[in-house]
Amino acid sequence: MPQLNHPIAVTGIGIASPLGMDVEAFLEGLYAGKSGSNPSACLQGLVSRAFEIEDFDPQPWLGRKGIRALDRPGRLLSVAAALALRQAGWVGDEPWSRGVGLINGTVFGSVRSICAFDWSGLEDGPRFVNPMAFPNTVINAPAGQAAIKHRLSGINSTVSTGMTSGLTALACAAEHLRLDRTSRLLAGGCEELSREACLGFRANRLLSSDDSLVPYGCGPSGTVLGEGSALLALRRESDARGDGDEIWGLFRGYGESWDVGLRTGVPDVERAAATIEDALRQANVGPSEVGFLVLGACGVPAADALEVGALKRVFGDRLSTMPACAPKAALGESQGASGAFLAAAACLALRRKALPPTLCWGDCAAPLALSKDAQPLVAPLGLVTLFGVDGNAAAAVFSV
Amino acid sequence: MATSEDGAGRVAVTGIGVVSPVGCGRADFWSAIVEGRCGIGPVQAFDTSEFPVHIGAEVRGFDADAFIHRLSGHEVGRAAKLAIAAAAMAIEDAGLEPSLVAGRLTGVSMGTTSGEPLYVERFNDIRRSEGVESVPPEVYCGYPCHTIAANLALEFGCQGPCRILPTACAAGNYAIGQAFDWIRAGRVELALAGGADAFSRIPYLGFARLGAIASDKCSPFDKNRQGMVPGEGAGILVLEPLERARRRGARIYAEILGYGLSCDAHHMTGAHPEGDGAVRAMTAAVRESGLSPSQIDYVCAHGTGTPSNDRTEAAAHGAFFGTRSREIPISSIKSMIGHTMGAASAIEAAACALALRTGCLPPTIHFETPDPECDVDCVPNAARKADPRIVLNNAYAFGGNNASLCLAQCLS
């Protein structure tokens with residue numbers, strides 16, 4: 001019987017991030033106040049630093065066979081899938097194994113693969129282009145590759161809502177699970193570092209001038225690109241409890257908006273606040289029940305200011321008492337992956353009963369209660385917010 | 001999923017907008033389909049002299065800009081323009097005032113294969129001729145595929161959920177399915193759902209290098225079929241709750257009953273040889289619709305015209321329908337409009353809705369020689385009067401993404 005607001009349980013998390021591979025390394029790095037920033041090989045000459053996964057080698061998780069055909073996003077997503085499947089115990093040959101699916105949120109799929117394919121046509125001429133490079137030019141290639149690698153023959157989808165794609169994927173998964181279409185889905189996001197994206201951010205004046213990502217900097221300020229993949233193993237709560245699964249958190253509500261004014265240049269705080277209120281309403285909770293905040297601030301003043309404005313509108317004076325963290329200071333702006341990283345951080349905060357520290361923040365953070373230390377939660381129910389520079393906005397509620 | 005007589009929880013198709021290589025607008029598109037007209041011809045968008053093939057299915061002589069008002073003068077990609085034009089036509093076709101389309105209770109659910117690849121072309125062309133510093137900022141902003149859905153929402157003032165599912169050549173079905181879910185959940189009261197893709201040298205090059213493109217025509221299920229023909233277009237359906245459609249006296253083309261998704265998890269470009277994923281998608285669609293295979297009257301095929309797709313699809317058809325498989329016609333309009341990529345299954349869903357409403361099955365044209373490996377009734381060469389009650393629309397994509405959509409006649 002489909003239950004349209006049934007909570008969705010997170011029963012495992014797989015992560016490939018600049019802070020480390022797998023959720024344990026991610027958790028350790030986040031709570032130790034580690035930064036995933038490093039001198040980027042990929043973006044050399046464009047920027048000095050980025051949040052790159054250095055020396056990324058998928059072999060320990062994917063083996064050696066069949067890796068060559070995968071581009072970087074295909075590898076990142078496949079590794080995150082391997083880790084999530086293992087965490088959730090979705091390995092082996094159970095009757096339900098065939099029905100496991102995957103939903104990937106991404107901005108580009110792989111803009112590098114697409115650009116390179118077209119470039120080779122121009123430089124080498126159509127006759128000499130490698131046909132084997134074509135499959136990776138479709139935006140759903142990473143999801144397809146991960147499915148082949150791990151024999152995920154259930155629902156397979158790719159969704160894009162720009163910067164919020166990694167959270168939208170969770171909402172898509174929740175919709176399928178609540179409608180009883182399937183009982184197990186991996187959902188999250190994946191994005192690689194690319195010169196193409198970096199050039200785009202630079203041309204649109206979104207990059208930090210000193211390669212540092214300072215959430216809520218008042219300007220001139222900007223962001224620093226990152227990469228990675230995170231997948232959450234999702235089930236209906238009743239199924240997870242019935243089977244005695246370990247539950248990392250419950251995904252209770254979601255709000256989304258394709259433009260809160262950043263695209264049109266006229267910030268719409270009301271609409272931004274409504275995005276948060278939609279998530280709370282779906283979760284059937286009021287603002288006073290939210291015990292912590294995981295914020296998607298990326299260092300671009302317009303986006304970060306809108307986030308603060310929306311939070312003030314929803315929480316009023318209470319806002320300064322709510323423990324908050326801004327993980328992009330440690331992870332960078334990883335576009336389609338970022339929403340999934342934030343969701344993972346929220347689940348980890350519930351598990352650890354403490355919010356991770358924030359590496360740094362600017363003067364426009366007031367009145368947010370950010371801290372360089374871990375903070376206890378006021379209540380085991382948290383709000384994730386993500387206001388993308390492309391105008392997309394999303395909010396999600398997680399609880400125990 | 002049980003349906004109820006009073007319309008509660010049921011989803012109606014009340015408007016159709018199509019931009020296609022054989023005609024634009026519901027009426028012109030459908031009369032072309034019924035007449036068996038072919039929209040495939042020599043490629044005009046770029047020079048194909050270095051390619052092994054030279055035909056494509058482009059949208060010609062169509063001024064999409066005439067349909068764009070709020071976004072007029074703004075930087076908008078071609079796929080989005082085709083989508084906006086199709087949506088404008090669908091909204092008018094649905095008899096809806098534009099003011100009713102705006103607001104938080106209207107969702108936009110789109111699908112695409114390539115997004116806005118012309119920006120990649122421009123990026124690379126400028127890099128080669130002038131250097132990367134000369135690439136203007138709007139090229140970067142215009143490229144990400146979510147801008148197709150966002151531009152559609154911006155043009156019509158839709159403020160509900162707005163997502164794009166870039167699931168390649170099955171994307172149209174995915175998008176229509178997502179909108180169907182939103183309406184049933186009461187999330188939106190109206191949805192613009194479908195898919196769009198623009199003609200581009202990038203996928204053309206890819207399919208050409210795979211040897212997948214036919215040299216003179218697209219002849220699905222024919223023994224001597226040579227391959228697919230890349231195309232472009234947009235298909236948008238207006239979806240709304242059946243009870244609301246009835247209340248306002250809307251023309252109801254069809255009802256969406258359900259859909260099924262599966263993944264081959266086998267190969268990136270080649271389908272599972274026994275069509276296993278395809279069978280599972282059809283099974284899921286039919287089950288969710290509360291039906292059995294015996295109730296399906298017609299299948300709108302993916303039918304790209306490649307030797308392998310059609311063989312696999314025919315095998316899946318046989319496996320799914322069993323002894324009845326020759327009694328269930330399965331035709332491919334890609335024989336006429338080519339492969340419009342992310343728009344394909346949306347345009348094909350429109351064709352399904354029109355088949356249900358008008359009692360006419362679209363043909364598979366260019367059919368000359370039956371193929372014993374494709375033992376199906378493909379409605380060869382001429383449209384056929386029939387009384388389909390329930391139909392399946394199938395789509396199969398790179399990455400092994402399979403999607404089947406179930407539509408039914410709706411006697412309002």
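**Notebook: charges, burial and backbone in a predicted model**

I started at Asp216(B), which is partly exposed at 46% relative accessibility. My classes are buried under 20% relative accessible area, exposed over 50% and partly exposed in between, with a 1.4 Å probe and protein chains only. Its partner came next: Lys217(B) forms a salt bridge with Asp216(B), with the closest N and O atoms 3.6 Å apart. I count a salt bridge when a side-chain nitrogen of Lys or Arg is within 4 Å of a carboxyl oxygen of Asp or Glu. Lys217(B) is also partly exposed, at 25%.

**Ground rules**

The model is predicted: local features need pLDDT of at least 70 and side-chain atom pairs count only at pLDDT 80 or more, while totals for chains, interfaces and linings use all residues. Residues are numbered from 1 along each chain as its sequence is written, chains are lettered from A and ligands numbered from 1 in the order in which they are written, and side-chain values use heavy atoms, leaving out hydrogens and water.

**Chain A overall**

I found twelve helices and 15 strands in chain A. These are DSSP runs numbered from the N terminus: helices are H or I with at least four residues, strands E with at least two. The radius of gyration of chain A is 20 Å against 21 Å from the globule rule for 400 residues, so the chain is as compact as a globular protein of that length. The radius is taken over C-alpha atoms, and the rule is 2.2 Å times the number of residues to the power 0.38. Of its 400 residues, 69% are buried. I also looked at contacts, meaning heavy atoms within 4.5 Å. Among those between residues at least 6 apart in sequence, 77% join residues at least 24 apart.

The search over all chains gave 46 salt bridges. I opened Asp245(A) and Arg235(A), whose side chains meet at 2.6 Å, N to O. Asp245(A) sits in the loop between helix H8 (237–242) and strand S9 (249–257) of chain A, and Arg235(A) in strand S8 (residues 228–236), ten residues apart. Asp245(A) is partly exposed at 24%, whereas Arg235(A) is buried at 3%.

In chain B, Arg10(B) pairs with Glu255(B) at 2.8 Å. Arg10(B) lies in the segment before strand S1 (11–20) and Glu255(B) in strand S9 (residues 254–263), so the pair ties together parts 245 residues apart in sequence. Both residues are buried.

One salt-bridge network links Asp118(A), Glu121(B), Asp125(B) and Arg201(B).

**A buried charge**

Beyond four places in sequence, its contacts include Tyr216(A), Leu295(A), Thr385(A) and Phe387(A).

**Backbone**

Most residues other than glycine have a negative phi, and most peptide bonds are trans.

- Asp22(A) has a positive phi of about 85°, lies in the loop between strand S2 (20–21) and helix H1 (23–31) of chain A, and is partly exposed at 22%.
- Phe221(B) has a positive phi of about 70°, lies in the loop between helix H8 (201–209) and strand S8 (233–241) of chain B, and is buried at 1%.
- The peptide bond from Ala366(A) to Pro367(A) is cis, with omega near 0°; Pro367(A) is in the loop between strand S12 (354–355) and strand S13 (375–376) of chain A.
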